[in-house]
Structure formats: C-alpha cells, structure tokens
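Morning, everyone. I have one structure to walk through today, and I'll keep it quick.

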Amino acid sequence: MIDTARLAIRPWRLDDVAHWKAMSTDVGYNCFSSPPGIYLVRDDAEAAERIATRMKAFTDAKIGKMPVFEKASGAFVGTCGADFFDLSGGREIEIGYRLMLEHWGKGYATEAAQAMTRYLLDDAGFAKVHGFVHRHNRQSEKVLHKTGFVFVKDFLWAGLPHRLYLAEH
Ligand SMILES: CC(C)(COP(=O)(O)OP(=O)(O)OC[C@H]1O[C@@H](n2cnc3c(N)ncnc32)[C@H](O)[C@@H]1OP(=O)(O)O)[C@@H](O)C(=O)NCCC(=O)NCCS
C-alpha cells in the first residue's frame, strides 16, 4: 500500500503469523509497550486471531498499524500505521511505529513515519494526525520531530506521563 525508498508497508494478511510471533517476543519491538506484553502470543492460532482482528479493523476503518518490510531483503522490520484514540472526549488518530531491534538505527522508523503521515494527511483525508510518546522515550520523540510533528502538551496516557504531538494538513 505504501512504498518508500527502502520499505514497503501493507495491510496484515493471514500468512503473516510468523511475523506476529517474531515481534511478539522481540526486545526492541516491545520497548515502551503499554501494558507490557500486549503483543504476546503463544502459538500460531493466537497469532492468527490477533491478525484477523487487525484485518477486520482495517476493513472497517481503512487505517491500522501495519507490517513494514525491507524491500531489498523482504525482511519483516516492524509495524507502522495509525489508530483511533480518545483525546479529551474527542475521537482523533495517532500514528505509531515499532521496530524489531535488529532494524533500529537505520532511519527506518522515520522513513516509515514520514510516508505514513503523508498518506494519512494527503491521501486518506485526515486533517490532523497526533503522535504521543512516553516522556522517557527519547528515540521515539526524535522520530516525531524528524517527521514534522510539533509538541502540543504533556498529558497522561494509560496513567503514565506522555508527550502529545500534532501534524496538520
Ligand atoms: C522508536 C523507534 C521506532 C525508533 O527507531 P530508530 O531506528 O531509532 O529511529 P530512526 O528510524 O529515526 O533511526 C534513527 C537513527 O538511525 C540512524 N541512521 C542510520 N542510517 C540512516 C539513514 N540512512 N537514514 C536516516 N537515519 C539513519 C540515525 O543516525 C539515527 O541514529 P541516532 O538516533 O543515534 O541519531 C525504536 O526505538 C522502537 O521501535 N522503539 C520501541 C517502540 C516504540 O517506542 N515505539 C514508539 C511508541 S510511541
């Protein structure tokens, strides 16, 4: 669905079971996940169930966090996309990205986030996209800066201190 110089991002498919299982226990992918272990699956059936839920959400809403692949090798790199979230009683969308540890430090998160933000604002027709990070998650905050997001405010998300960012059309 989205192509960048080095990456391909597409919706989940049922044959992505091995990718979900890999990310479910990857140390890097699971950093700052809330609650911890939220992506964990114990077998193929559980992974397929989680993927089916994502596929249905994508069919319904046309957005979601999707798998990202390295075009040169076909390797599964992580996920990037958007989901709805509640902000002060209003329904907004937030961008998210998570990479497998072996793919940190290559510029892939920023490359994916930039393309996804352009897609959401220019093609999918959203007027604004939020991003938020735990206040100790400096690597993620850097991705938002490099993607052109501007700081809005400190706020609590899932009871934890986060920093809210915004990109607008
Ligand atoms: C947040 C996260 C995705 C950031 O990944 P990342 O690889 O550090 O981010 P980037 O894609 O921006 O890569 C930046 C690094 O790649 C380096 N890099 C190497 N080659 C590069 C290239 N060709 N182009 C751009 N940057 C390159 C940059 O110098 C930079 O290193 P630095 O931060 O030490 O200066 C990653 O830490 C992660 O998955 N964390 C766990 C999940 C998470 O927290 N997600 C966000 C929740 S809000």
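Start with helix H2, whose buried residues pack against helix H1, residues 17-24. Keep in mind that this is a predicted model. Which residues of H2 are buried? Ala 47, Ile 51 and Arg 54. Looking down the axis of H2, the buried residues sit within an arc of 60°, so they line one face of the helix. Now turn to the face pointing away from that buried side. There H2 carries exposed residues, among them Glu 49, Lys 56 and Asp 60. Ala 45, Ala 52, Thr 53 and Thr 59 are also on that list of exposed residues.

A geometry check on H2. The helix covers residues 44-61, 18 residues, and at 1.5 Å a residue it should span 26 Å; the end C-alpha atoms are 26 Å apart, so expectation and model agree. Just after H2 comes Lys 62, with a positive phi of about 70°.

Next, the loop between H1 and H2. Pro 35 is in that loop. The peptide bond joining Ser 34 and Pro 35 is cis, with omega about -5°. Phe 32 is in the loop between H1 and H2 too. Its phi is positive, near 55°, and Phe 32 is not a glycine. For context, most residues other than glycine have a negative phi, and most peptide bonds are trans. Is Phe 32 buried, exposed or partly exposed? It has 14 C-beta neighbours inside 10 Å, so Phe 32 counts as partly exposed.

Ala 158 lies in the loop between strand S7, residues 150-157, and strand S8, residues 160-168. With 8 C-beta neighbours inside 10 Å, Ala 158 counts as exposed, because the cut-off for exposed is 12 or fewer.

On to the strands. Strand S2, residues 7-9, pairs with strand S3, residues 65-70, antiparallel, over three bridges. Ile 9 stands opposite Val 68 in S3. Val 68 also has a bridge partner in S4, namely Gly 78. S3 and strand S4, residues 76-87, are antiparallel as well, with five bridges. Phe 69 faces Phe 76 of S4. The hairpin of S3 and S4 has five residues between the strands, and Gly 74 there takes a positive phi near 80°.

How many bridges join S4 to S5? Ten, and the two strands run antiparallel. Asp 86 has Arg 91 in S5 as its bridge partner. S4 and S5 form a hairpin with two residues between them. Ser 88, in that turn, has a positive phi of about 50°.

Last topic, the ligand. What surrounds it? There are 21 residues, and the closest are Cys 31, Gly 107, Ala 109, Thr 110 and Ser 140. By class, the shell has nine nonpolar, eight polar and four charged residues. Which element gives the most to the shell? Helix H4, with five residues. Strand S5 (90-99), helix H3 (108-123) and H4 (138-146) each supply at least two residues. So that S5 is the strand that pairs with S4 over ten bridges, and S5 also contributes to the shell around the ligand.

That's my tour. Happy to take questions.

Key. Residues are numbered from 1 along each chain as its sequence is written. This is a predicted model: local features need pLDDT of at least 70, side-chain atom pairs count only at pLDDT 80 or more; totals for chains, interfaces and linings use all residues. A residue is near a molecule or strand if its C-beta atom, placed from the backbone, lies within 6 Å of it. Helices (H or I, at least four residues) and strands (E, at least two) are DSSP runs, numbered from the N terminus. Ala, Val, Leu, Ile, Met, Phe, Trp, Tyr, Cys and Pro count as nonpolar, Asp, Glu, Lys and Arg as charged, and the others, Gly among them, as polar. Two strands pair if DSSP finds at least two bridges between them. The expected span of a helix is 1.5 Å times one less than its number of residues. A residue is buried if 20 or more other C-beta atoms lie within 10 Å of its own, exposed if 12 or fewer, and partly exposed in between; C-beta atoms are placed from the backbone. The arc is that of the directions from the helix axis to the C-beta atoms. Two residues are in contact if their C-beta atoms, placed from the backbone, lie within 7 Å.
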